[in-house]
Amino acid sequence: MKPIPPPGAETQTVRRYWRSLDQLADSPDFRRWMEREFPAHASEMTDTITRRHFVKIMSASFLLAGVGLTGCRRPVTNIFPFANAPEDYTHGVPRFYATSMPIRNRAVPLLVKTTDGRPIKIEGNPLHPQSRGATDHFAQASVLDLYDPDRAQRFTRSGNDAAPAEVYDFLRQLSDRLSTTGGKGFCVLMGQSSSPSRLRLQQLISRKFPRARWFVYEPVDFGVHWRAATLTHPRVGSVGSERPETGLSPSYSIDKARVIVSLDHDFLGLEEDSYLHIRGFAQGRRLAGPSDPMNRLYAVESLLTLTGANADHRLRVPSSCIQLIAAHLAEEVMRQSGIPDSAGFRAGLEPLLSDQSLRVLSERTKPGEPAWTSRWITECALDLLSHRGESLVLAGHRQPLAVHVMAQCGSGKRWQNGSMA
Amino acid sequence: MSDFFPKWANRLPRQIAVGGILAASLVTAGIWYYFTPKYTRVGYQPIQPVPYSHAVHVGQLGLDCRYCHTGVERSWYANVPSSSVCMNCHKQVLPNDPRLELVRNSAKSGEPIGWVQIHLTPDFVYFNHAVHVNRGVSCVSCHGQINELTEVREEKSLAMFFCLECHRNPAPNLRPLNQVYNLAWSIDPQMQQDMGTRFVHDWKINSPQYCSTCHR
């Protein structure tokens, strides 16, 4: 980087830079200002005791003070025990609290280690039957949230602190005003949550203001997983579900899967329930003996994710081409399994099946090997079929519903039937 | 040849001599200060805000250490008791004694008593009370005959050599577990040595001597 020269001290050989319009105009005021050593508002010491002299004297006196080593005495420190000790408290022994961290679709069961009332470490709760101590990076980092100065601790109104009394007053007035109209024009914006307490409050408010409207906003939509699961498992979804708009929530036993294909699904990183998937995936790789089986992960993705980094076989394709790969994979599985296509599944895939685009993809990833991508898909399909009932195909939230449906059909045993909802 | 040594080299011998004398006196002064009880504070006996006597409570009355220092078996820290613990007895015993004014006020108001800290290891030293007392090291080994002290003072140096001495040869400081808090307990030195050696073997005591044991 070229250093910025001091104003005025420039030769004409270099390009002239200016820092203010005054300098550019080269006004006499500016010349006068520049010739002074200090700007007008800085006060100069004109006393006989200059600043330099003062510092000299002071440093000498500090030195003399130090010769006496008066600062080298140990200070008297005090121990302040409790006046009334809380029950069951031992200083120096951390306490553990079981709690949970609410996330969009559920709550992560956690165990928080605290010393002297300060949380210092967050881990998964090992006694929880589902997670068995699993956490993800968000849960691990959430200990910092507890010390976040921006954490909501008091009421704010238009970004400013508001006294509780003032807020209650405002809410009471609002309630009075709304009760005359039944809550017409009253809207609540909120994030997605699985909290039963919030649902209960929502129902209470809805009972009082029947015309109030509720809006859920999330910056990233993970609902496609639910929609795909509901679509591909229609009977279960329509009979058992009390809330048809959300339908089925897919839950994967990744620890039992022998072959996992991820279609842009970062299940070890940023996807939902990754705290369960990380643990499950690790369990599928843990070997107790030499004959133990081990899972195999195929990742098709555009970004470099943790899932791709952990994959045994990673296919790097643009995000727009995942659909293409999914269609080819589906077609290949059907072809290799030899099951008759009674439901017309292949016809639905037809518009996506194009050898030409596969060849273009291969040319981009491995120049000079046009058959590379299709060979990758063939081997992947072969592996899926050789582990019938133990294979899992996952599609990420960035992918369209079609890819999800193909993936849902591909997981487990449904793929082999060739059935599609 | 005249350019071979610069002019300032003439002053060099004198400078070396002065520097050497300065360095030597600094080292002497440092050892004088840091290696003597003045620094390790053996005998440090500050006046506490409440004249609590271990000699009366432990020596005469036979109070167990753990009645007040409740955490010693579970924590690295042997806590100073809260005022409410004192009041357990002193509600009835000497309930109006002026020496206990501070304790009564503290228990009532919730304001803690500022006891003066005596045994102070630096922050870079980790010491765990629980580990030691649970393996047969008595309070006496580090704190001396505290059951005879009217005002607590620092009895042992608690410097690094003191820790290492015992970690190299723990046998003389090991007791049967039921005598750890019996501060008046004594035994013939030869029997102590035999017993300690047996405990080291039986309890698999492997007192570590590497740096990170304490400087962790």
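Q: Which residue stands opposite Ala299(A) in S10(A), and how do you know that the two strands pair?

A: Ser262(A) stands opposite Ala299(A) in S10(A). Strand S9 (residues 259-263) of chain A and S10(A) are joined in the parallel sense over five bridges, and two strands pair if DSSP finds at least two bridges between them. Helices and strands here are DSSP runs, numbered from the N terminus, with at least four residues (H or I) for a helix and at least two (E) for a strand. This is a predicted model, in which local features need pLDDT of at least 70 and side-chain atom pairs count only at pLDDT 80 or more, while totals for chains, interfaces and linings use all residues. Residues are numbered from 1 along each chain as its sequence is written, and chains are lettered from A and ligands numbered from 1 in the order in which they are written.

Q: What makes strand S10 of chain A largely enclosed?

A: Five of the six residues of S10(A) (residues 296-301) are buried, so the strand is largely enclosed by the rest of the structure. A residue is buried if 20 or more other C-beta atoms, placed from the backbone, lie within 10 Å of its own, exposed if 12 or fewer, and partly exposed in between. S10(A) also runs parallel to strand S11 (residues 313-316) of chain A, to which four bridges join it, and Glu301(A) stands opposite Arg316(A) in S11(A).

Q: Why are the buried residues of helix H5 of chain B said to line one face?

A: In H5(B) (residues 83-90), Ser83(B), Val85(B) and Cys86(B) are buried. Seen down the axis of H5(B), its buried residues fall within an arc of 160°, so they line one face of the helix; the arc is that of the directions from the helix axis to the C-beta atoms. These buried residues pack against helix H4 (65-68) and helix H6 (101-109) of chain B.

Q: How many residues of chain B are in contact with chain A, and which elements contribute?

A: 22 residues of chain B are in contact with 14 residues of chain A, two residues being in contact if their C-beta atoms, placed from the backbone, lie within 7 Å. H5, H6 and strand S1 (115-116) of chain B each give two or more residues to the side that touches chain A.

Q: How do strand S1 of chain A and S1(B) run?

A: Strand S1 (residues 78-79) of chain A and S1(B) run antiparallel, joined by two bridges, and Ile79(A) stands opposite Trp115(B) in S1(B).
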